[in-house]
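Grab a pencil and work through these exercises one at a time. Each one sets a task and then walks through a solution.

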Amino acid sequence: MAAVELEWIPETLYNTAISAVVDNYIRSRRDIRSLPENIQFDVYYKLYQQGRLCQLGSEFCELEVFAKVLRALDKRHLLHHCFQALMDHGVKVASVLAYSFSRRCSYIAESDAAVKEKAIQVGFVLGGFLSDAGWYSDAEKVFLSCLQLCTLHDEMLHWFRAVECCVRLLHVRNGNCKYHLGEETFKLAQTYMDKLSKHGQQANRAALYGELCALLFAKSHYDEAYKWCVEAMKEITAGLPVKVVVDVLRQASKACVVKREFKKAEQLIKHAVYLARDHFGSKHPKYSDTLLDYGFYLLNVDNICQSVAIYQAALDIRQSVFGGKNIHVATAHEDLAYSSYVHQYSSGKFDNALFHAERAIGIITHILPEDHLLLASSKRVKALILEEIAIDCHNKETEQRLLQEAHDLHLSSLQLAKKAFGEFNVQTAKHYGNLGRLYQSMRKFKEAEEMHIKAIQIKEQLLGQEDYEVALSVGHLASLYNYDMNQYENAEKLYLRSIAIGKKLFGEGYSGLEYDYRGLIKLYNSIGNYEKVFEYHNVLSNWNRLRDRQYSVTDALEDVNSSPQSTEEVVQSFLMSQNVEGPSC
């Protein structure tokens, strides 16, 4: 069903009637609950519009009332508005509903299977709403209660329900960075799948494998993530819900990006964007999900300007749907902050990037514990921005203050990453590399060298010798040797290696080449090799001409207005490419 507009447009007479009911809310409260769900919701929405949040909260905190309101599917976006306003107001409606549902499940443990089945269905809808709204801990509690009900009957229907429950549970645990519990959830789902198989029944595995792919991607286990995205793609069939298809395409695209399979990634994410907008509408949260992943693809193929525009579009949708202090809004702010930082790196204008980074941190710290893993990446982005602002600052005292703040943020991010992933992980390596750059700015050159070498060693072992992440760290170490440690021979080798990887992955017009070319010009000037200076000045001029031509016209959103292939064709094209290439991991 297409998303409804986020505005109030009832007929005048109808609106007058709703207003009259709301004006007499205290006397009419019981009667309101007997109205059809659409009309009942409109009364509650009027309460929200009038700022009567305490009264609205008392209604929504009752499980029976909220479960009925959830049935008004075409009002879902407006419901997100009301719900977020209550949460921002301090009404813990998500926790209250999750607790109420959990208690109800404990009460009906001895009831017959039909009663439990009805409760499970209510739980799926309630947990799904809480998950969509970003309240993952409360959604997790709801799905755990559903799962407990499923285990009380050892029969086929409840095995199917248990699989569905595990998929939902895995999704919210991924969203809340509970990866160890997520792995246990996947294993439990497989147990129920095996039970069904032994009785000649099959549950579609696309959603489950897609969520496993998301988990492995988050842990930077890229080979495994890619392997499971292929398995998820094999499970896409004609009867699957569009939401599942879109999510599998999104996850598969991201897995292809980090494996540097850019053509595959492009086909998958563009079709996901088209499908989401066509089915859900351009104001739906699912469409914003696809835009964030489209922005990720564009950023990684060096189309930075367009990635900023796409991230902004995704943020606009999420703010219009959720608003307030919501985790989905925070993640969109963070993505936009980083892409803006990369986009403005050469100009030094970081105000917009800093604003979005601080908004992300502010929202996350308001709604999650201070040691939550989601803070690691937001703090990292802010630290990167502060470092660049400090470098351009002409006041020594301000420079030192900004660098120290960046240092504290990087250390906090590193500790969060090590706690979640351990030492031997790409995310941990990124934080070491970030610290290396910062120590260089703080003129702590030995510490900087140590951090860069550590980052390179971890990335090489995990990603191989010629990965983009390796090239970044190699280039940063080259810069340290060139500008601050006078190790010109080592610097030259590292620059040339970084350039070779960048050109191989992204072509002659890759944006990151500029810094390596400028570094080599400075290096050859320092050692008096003016022939090489002249050569790389020419190389840099040619690079500038390539950049001027690259991405000058393409509008990334216009590019996904239609899809030249059907979903079946996209899936078959992807799977056939796997057969041609053979296994990649």
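**Exercise 1. A stretch from the record**

Which residues does UniProt list for "repeat: TPR"?

Solution. The unreviewed UniProt entry gives residues 429–462 for "repeat: TPR". UniProt positions are in the numbering used here, feature names are shortened, and annotations may be inferred rather than shown by experiment. A word on the ground rules: residues are numbered from 1 along each chain as its sequence is written. The model is predicted, so local features need pLDDT of at least 70 and side-chain atom pairs count only at pLDDT 80 or more, while totals for chains, interfaces and linings use all residues; side-chain values use heavy atoms, with hydrogens and water left out.

Next, look at the fold of that stretch. Over residues 429–462 the chain is 91% helix and 0% strand, where helices (H or I, at least four residues) and strands (E, at least two) are DSSP runs, numbered from the N terminus. The end C-alpha atoms of the stretch are 10 Å apart.

**Exercise 2. Classify a ring pair**

Decide what kind of aromatic pair phenylalanine 186 and tryptophan 228 form.

Solution. First, the rule: rings of Phe, Tyr and Trp (its six-membered ring) pair if their centres lie within 6.5 Å, with planes under 30 degrees apart counted as stacked, over 60 as edge-to-face and the rest as tilted. The whole structure has 22 aromatic pairs. In this one, the centres of phenylalanine 186 and tryptophan 228 are 5.7 Å apart and the planes are at 75 degrees, making the pair edge-to-face.

Then place the partners. Phenylalanine 186 sits in helix 11 (residues 179–198) and tryptophan 228 in helix 13 (residues 222–234), so the pair ties together parts that are 42 residues apart in sequence. Both of these residues are buried.

Elsewhere, Tyr44, Phe60, Phe66, Phe83 and Phe129 make up one aromatic cluster.

**Exercise 3. Follow the charges**

How far apart are the closest N and O atoms of glutamate 266 and lysine 270?

Solution. These atoms are 2.7 Å apart, and the two residues form a salt bridge, meaning a side-chain nitrogen of Lys or Arg within 4 Å of a carboxyl oxygen of Asp or Glu. The two are 4 residues apart in helix 15 (residues 262–280), so about one helical turn separates them. Here's the background: an α-helix has 3.6 residues a turn, so residues three or four places apart point the same way. Glutamate 266 is partly exposed at 29% relative accessible area, whereas lysine 270 is buried at 18%.

Lysine 264 and glutamate 261 meet in a salt bridge at 3.9 Å, N to O. Lysine 264 counts as buried at 9% relative accessibility, and glutamate 261 is partly exposed at 23%. The structure holds 41 salt bridges.

**Exercise 4. Spot the positive phi**

Is arginine 260 buried or exposed, and where does this residue sit?

Solution. Phi of arginine 260 is near 60 degrees, a positive value. Arginine 260 lies in the loop between helix 14 (242–258) and helix 15. At 17% relative accessibility, arginine 260 counts as buried.

Now compare asparagine 486, which has a positive phi of about 55 degrees. Asparagine 486 is in the loop between helix 24 (468–483) and helix 25 (488–506), and counts as exposed at 52% relative accessibility.

Definitions and conventions. Buried means under 20% relative accessible area, exposed over 50%, partly exposed in between (1.4 Å probe, protein chains only).
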